[in-house]
Amino acid sequence: HPHGAGQGRTAVSRASSGTASEAGGDGTLQRHRGFGVRKAMTADMKIREIIDRKKAYLNLLLLADEQEDMIDRYLERGGMYVLEDDGVKAECVVTDEGGGVLELKNIAVEPDFQGKGYGKALIDFLVGTYRGRYSVLQVGTGDSPSTIPFYESCGFCRHHLVKNFFTDHYDHPIYECGAKLVDMVYLQREL
């Protein structure tokens, strides 16, 4: 985002035991405030990497992927980040899929704080963190009116479809916005 008005700073840190410590110097990233982000976020917002005890955030992970054994397939091999703004408000997990592709496997915002810019802030953080290391950020999701427009507003475009993904890989039907999810829609954006 080339718009520079109202820039804030987001401190990023690595945490090995669930404790936060602010990173200074090279660990500080720019975040654009006021560009597609509602005023609900505060200047104290921090995004930190979770190294150990990722399952401590299981309730949040389950908001985006409701079957724990599916989460287990990517959680430990993935990079996990939490967004804190007076408490943990959101999380995401990304994995290296090879060939320059970084995949967003899980992103969730606490229900009471959805629509306030936290999800977009995490995606902006991922783009800034991984640009130059990967060529594409990709996400797979159900074909739902609650998710596809969000990703498109974050710069993603539809790329391909995996037929019957949800019916083949989950042990129960998955519904979103009242519709049964069947196919996985993959969206991508360049980094």
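**Exercise 1. Find which helices and strands each supply at least two residues of the lining of the largest pocket.**

Step 1. A pocket is an open set of points on a 1 Å grid over the protein atoms alone, where a 1.4 Å probe fits, with protein on both sides within 12 Å along at least five of seven lines. Lining residues have an atom within 4 Å of a point. Helices (H or I, at least four residues) and strands (E, at least two) are DSSP runs, numbered from the N terminus.

Step 2. List the helices: α1 (58–64), α3 (118–130), α4 (148–153) and α5 (165–169).

Step 3. List the strands: β6 (101–109), β7 (136–142), β9 (175–176) and β11 (184–190). Strand β6 gives the most, with seven residues.

The model is predicted: local features need pLDDT of at least 70, side-chain atom pairs count only at pLDDT 80 or more, and totals for chains, interfaces and linings use all residues. Residues are numbered from 1 along each chain as its sequence is written, and side-chain values use heavy atoms, with hydrogens and water left out.

**Exercise 2. Describe the volume and lining of the largest pocket.**

Step 1. Take the volume, the space filled by probe spheres set on the grid points, which are joined across faces, edges and corners. The largest pocket holds about 1,200 Å³.

Step 2. Take the lining. It has 44 residues. A64, I107, T141, T147 and Y151 lie nearest the pocket centre.

Step 3. Sort by class. The lining has 23 nonpolar (Ala, Val, Leu, Ile, Met, Phe, Trp, Tyr, Cys and Pro), 11 polar (the others, Gly among them) and 10 charged residues (Asp, Glu, Lys and Arg).

**Exercise 3. Is E103 buried or exposed, and which residues does it contact?**

Step 1. Apply the cut-offs: buried is under 20% relative accessible area, exposed over 50%, partly exposed in between (1.4 Å probe, protein chains only). E103 has 5%, so E103 is buried.

Step 2. Leave aside neighbours within four places in sequence. E103 is then in contact (heavy atoms within 4.5 Å) with V93, V94, T95, E97, Q138, G140 and Y186.

**Exercise 4. Why is the Y130 and Y134 pair edge-to-face?**

Step 1. Set the rule. Rings of Phe, Tyr and Trp (its six-membered ring) pair if their centres lie within 6.5 Å; planes under 30 degrees apart are stacked, over 60 edge-to-face, the rest tilted. The whole structure has eight such pairs.

Step 2. Apply it. The centres of Y130 and Y134 are 5.8 Å apart and the planes are at 65 degrees, so the pair is edge-to-face. Both residues are buried.
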